[in-house]
Amino acid sequence: MSTEQHFDENRFAALLKKSQQQPPSPDFDEKLMEKIIQLPAASPQHKNGTALQLGKRYLLLAVGFLIVSVFFSGQFLSGYFSGLTLTFSLATNYIFFGGMALMIPILLYILDVFLHEKHHNKQLSGFIGV
Amino acid sequence: MDSEYIRKVLQGDSQAFRYFVDKYRNLAYSLAISVVKNSVVAEEVTQDAFVNAYKSLHQFEGRAKFSTWLYKIVMNEALKRVKRKTMDYCMDIEEIQETEISDLNESIDTLGEEEQRYFINLALDRLSPNDSLVLRLFYLHENNLREIQEITGFTETNIKSILHRARKRMYTALKYELKEEIRNIL
């Protein structure tokens, strides 16, 4: 006969219920709460996303900017800057606008971090009475 | 109830976090010790996990239970301290017989509550981190397969197979520990 057929699930669960352990340090809670209180207050400000999610969002935005900028540069180049300079101007524009577009996520992220820090400093200064 | 305290903490009431420490401290510690197998390290893991949970509380979206989210953090902290390869070391599964299980159950019944707790934890310590982790999540924390999947990252089939093996190994480990005890007394 197999073990599984006669395995008493309830009996086993009751045994395992006794396996709960507690941290050995008697002042575990106090040490932990001290650490927690020293941290900046938890804030729902960033509930819209983690840094990574925000970064992805900004990157999508930047790609949008890039497409729009290339479209506009193409429109302008087809009229006045036609001929020999076209290839050169296009390359320059791609590099320039592409570079600008790639800077956008970085700039937005810096702004985001700056605003977040500013918000926390405000909370902290209120807390320590500065 | 958890969501009420999450709201309080996010409104700036740090002391409200004590509610989570009181409620989940022992379960989080039991989970940590399943993986790291050392009480000092398990305590550090539990502390760090709570601090991380506090720091990233704003990211908790409420899609899963708070406990599932917290256990995942505990699990990640514990894994940082152990090498992955030590997670699945194997203990030989002796084919434990039905009569042996009932004998074991009878022997356990003769022990006092504290002794039972001691031997069960000793037996769990002898199991691989994967086995003791899944057993504790399923039977002690009463997590369902989907929640265990979320916490550990194992597939459902893998969890079922671990549970199947780990129950036998648990009885084998208990048999060994009780035998040792009897040998020591004699």
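The axes of α2(B) and α3(B) cross at roughly 130° and come within 8 Å; axes are lines fitted to C-alpha atoms, for helices over the stretch in contact, and angles run from 0 to 180 degrees between N-to-C directions. On the α2(B) side, the contact is made by V21(B), R25(B), A28(B), Y29(B), A32(B), I33(B) and V36(B). Residues of α3(B) in this contact include V41(B), V45(B) and F50(B). Two residues are in contact if their C-beta atoms, placed from the backbone, lie within 7 Å.

Chain B has 9 helices and 0 strands, where helices (H or I, at least four residues) and strands (E, at least two) are DSSP runs, numbered from the N terminus. Of the 186 residues of chain B, 37% count as buried, that is, with 20 or more other C-beta atoms, placed from the backbone, within 10 Å of their own.

Chain B also touches chain A: 39 residues of chain B are in contact with 34 residues of chain A. Among the elements that give two or more residues to this side of chain B are α2 (18-36), α3 (39-55) and α9 (156-185).

Residues are numbered from 1 along each chain as its sequence is written, and chains are lettered from A and ligands numbered from 1 in the order in which they are written. As the model is predicted, local features need pLDDT of at least 70, side-chain atom pairs count only at pLDDT 80 or more, and totals for chains, interfaces and linings use all residues.

Note on methods
A residue is buried if 20 or more other C-beta atoms lie within 10 Å of its own, exposed if 12 or fewer, and partly exposed in between; C-beta atoms are placed from the backbone.
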